[in-house]
Amino acid sequence: MKTIAETCILMLSCILVYSGDRVHALSYDYSATTECLADPQRTHFGGGIIVNPEFNQGTKGWTVFGQGAIKEGTSERGNKFIMACSRTQSLDSFSQKVQLEKGKLYSFSAWVQISEGSETVLAVFETPDGKLIHGGKVVAKHGCWSLLKGGLVANFTGLVQILLESKNTKVEIWADNVSLQSFTEEQWRLHQDKSIEKVRKRKVRFQLIYANKTSMEGAIVSIKQIKSGFPFGCGMNHYILKDTDYRKWFLSRFKFTTFTNEMKWYSTEIKQGQENYTIADAMVKFAKQNGISIRAHNIFWDNPKKQPQWVKTLSPGELRKAAAKRMNSVTSRYAGKLIAWDVVNENLHFRFFEDKLGENASAEFYKKAYQLDPNTTMFMNEYNTIESAGDEKANAFQYKKKLKEILSYPGNSAVSLGIGLQGHFDYEQPNIAYMRSSLDILGSMKLPIWLTEVDVKAGPNQPKYLEEVLREAYSHPAVQGIITFAGPKSAGFNEMPLVDNDYKNTAAGDVVDKLLAEWKSSTLEIVASSTGFSELSLFHGDYSVTVKNPVTNTLTSVNFKVTNDLPQGTFQVQIDL
């Protein structure tokens, strides 16, 4: 009797088909240059609900805010814009009243210039009771136009005044092509879903044919995703080493992690000269044995309060020696075992090492870390870059400035840098519109962006807000990974536990499990048509395909991978039956 392999050959052909769908209403504007252009670019959404957004009717629809004056300006090329002049207070500006509706999201943009120098300009929304809501910022310069992007989520219905702010009252603020566009939650979600379909999935076309090129009509194909292509992980602490339930819970869900404290300097060298990596080593061993990728957190922390106690009293010379020892010790120990290093944590908010060792301290640390572990991405890691529009220290433009400083330091041009955004959100409504604008700005650097420590403070809306944050991050094309700083309550994750002491899901845990399931292709079973073709939209990741021959009922399996960077075309797998 002949074997199946001698009688026929099954050709499984997977053709990647790029989706032609376009997202019309909203866009992720992070690919184009938006800083210091000779002319302002187009008005987003035609200005939305703004009256006279391009100032073709002079200053109609706009009024003075504060004590200054406003007037119309005209460029050498005949382009008209508005100017806030004679300013004596930071909020002296031009303004326009607009009606907000509770529950809607508002995307704001304006092209901005100042009369001299370079200054930070903020978008501000003033409520009827005088509350000021920051909705975005930009570093504006004289002689060129830069895009200010941001927005807000309205938690009330009523009139607000839109204005621009600069703390330097000596400069005039100029603006053109101002836009404020409203979106319902449903519209925003629809755009997220369309983006996910475009950037996290690929259309795959299967063709089943025999060796003689005839179609294998009636063949049953089972397609199962065995690994996600998008890194979604969870923080881990030392409790996992002794808690079997913790290990089972983690391994059933996650393949990416960050140790919450165990690699930090104050954990591995409590007393000077007495290094102890026992716990960190055990956690690394556990992770590697179970196929878990590790983001290392951190080599240094720029917060003076977060140093080992003995480090705080060192002289600059002593600190330089101690820091060099720390760098060599921890980086060499785990080189080649990690996917990322948080090299200097929170070096926009704090400057412990800069004050002690000089302005180039961070840049030097990144240089040395890269020399010791050149195949691992070196991250900055900051809070409030996406969480808070009111924090000027770590806004997206300050972040970009620091990244450029690190890269421009001698010997650093080849350093593989990454953008770490912690994502510690308050119990209030997250400003998803501002979050998107910040991701757009940082995305223009073309560096990997990860949300590294995501949590939401406890409150009645914690699950809802957590889902909003995670959806916004996952749907953004520039985001390449997400880590939540959460876990079992029994392991000390009290701010946002995902399971209680009995390992039953909390509401936040339900959100994470729901999204993990939603962002993974379900097991599919299709029957080949008369042409042998079938087409599916699949999430990026690893897949197992099992084909049941319609004549012999023999099962044959093959694995394949769907990725974002696969070239358009056909890849073929030949299976002997």
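In this predicted model, the side chains of Asn177 and Thr43 are joined by a polar contact of 3.3 Å. Asn177 belongs to strand β11, and with a relative accessibility of 9% it counts as buried, since the cut-off for that class is under 20%. Beyond its neighbours within four places in sequence, Asn177 is in contact with Pro40, Gln41, Arg42 and Thr43, with Pro53, Glu54 and Phe55, and with Ser109, Ala110 and Trp111.

How many of the ten residues of β6 are buried? Ten of the ten are, so this strand, which spans residues 105–114, is largely enclosed by the rest of the structure. In a regular strand, side chains alternate between the two faces of the sheet. The pairing of β6 can be followed with two partners. With strand β9 (residues 146–153), β6 pairs in the antiparallel sense over eight bridges, and in this arrangement Tyr106 stands opposite Leu152. With strand β11 (residues 173–183), the pairing of β6 is also antiparallel and runs over nine bridges; here Ser107 stands opposite Gln181. Strand β11 is also where Asn177 is found.

For the pair Val343 and Ile299, the C-alpha atoms are separated by 5.0 Å although the two residues lie 44 residues apart along the chain.

Phe45 is not a glycine, yet its phi is positive, at about 55°. This residue sits in the loop between β1 (9–17) and β2 (63–65), and its relative accessibility of 32% makes Phe45 partly exposed. Lys446, likewise a residue other than glycine, has a positive phi near 60°. The loop that holds Lys446 runs between α10 (432–443) and β21 (449–456). Is Lys446 buried or exposed? With a relative accessible area of 52%, Lys446 is exposed, the cut-off for that class being over 50%.

The buried residues of α3 are Tyr246, Trp249 and Phe250. They cover an arc of only 95° around the axis, which puts them on the same side of α3. What do these buried residues pack against? Their partners are four strands: β14 (232–236), β15 (256–259), β23 (487–488) and β24 (497–499). At the start of α3, a side-chain oxygen of Asp243 comes to within 3.0 Å of the backbone nitrogen of Asp245.

The protein has twelve helices and 29 strands. Its radius of gyration is 27 Å, close to the 25 Å that the globule rule gives for 577 residues, so the protein is as compact as a globular protein of that length. Along the principal axes, the C-alpha atoms fill a box of roughly 95 × 65 × 50 Å. Buried residues account for 54% of the 577 residues. Of the contacts with a separation of 6 or more, 76% come from residues 24 or more positions apart. The protein exposes about 24,700 Å², and carbon and sulfur atoms supply 48% of that area.

Conventions:
Residues are numbered from 1 along each chain as its sequence is written. This is a predicted model: local features need pLDDT of at least 70, side-chain atom pairs count only at pLDDT 80 or more; totals for chains, interfaces and linings use all residues. Side-chain values use heavy atoms; hydrogens and water are left out. Buried means under 20% relative accessible area, exposed over 50%, partly exposed in between (1.4 Å probe, protein chains only). Helices (H or I, at least four residues) and strands (E, at least two) are DSSP runs, numbered from the N terminus. The arc is that of the directions from the helix axis to the C-beta atoms. Contact means heavy atoms within 4.5 Å. A polar contact is a pair of N or O atoms within 3.5 Å; within protein, one must be able to donate a hydrogen and the other to accept it, and residues adjacent in sequence count only if both atoms are side-chain atoms. Two strands pair if DSSP finds at least two bridges between them. The radius of gyration is taken over C-alpha atoms; the globule rule is 2.2 Å times the number of residues to the power 0.38. Accessible areas come from the Shrake-Rupley method with a 1.4 Å probe; for residues, only the protein chains shown count as cover.
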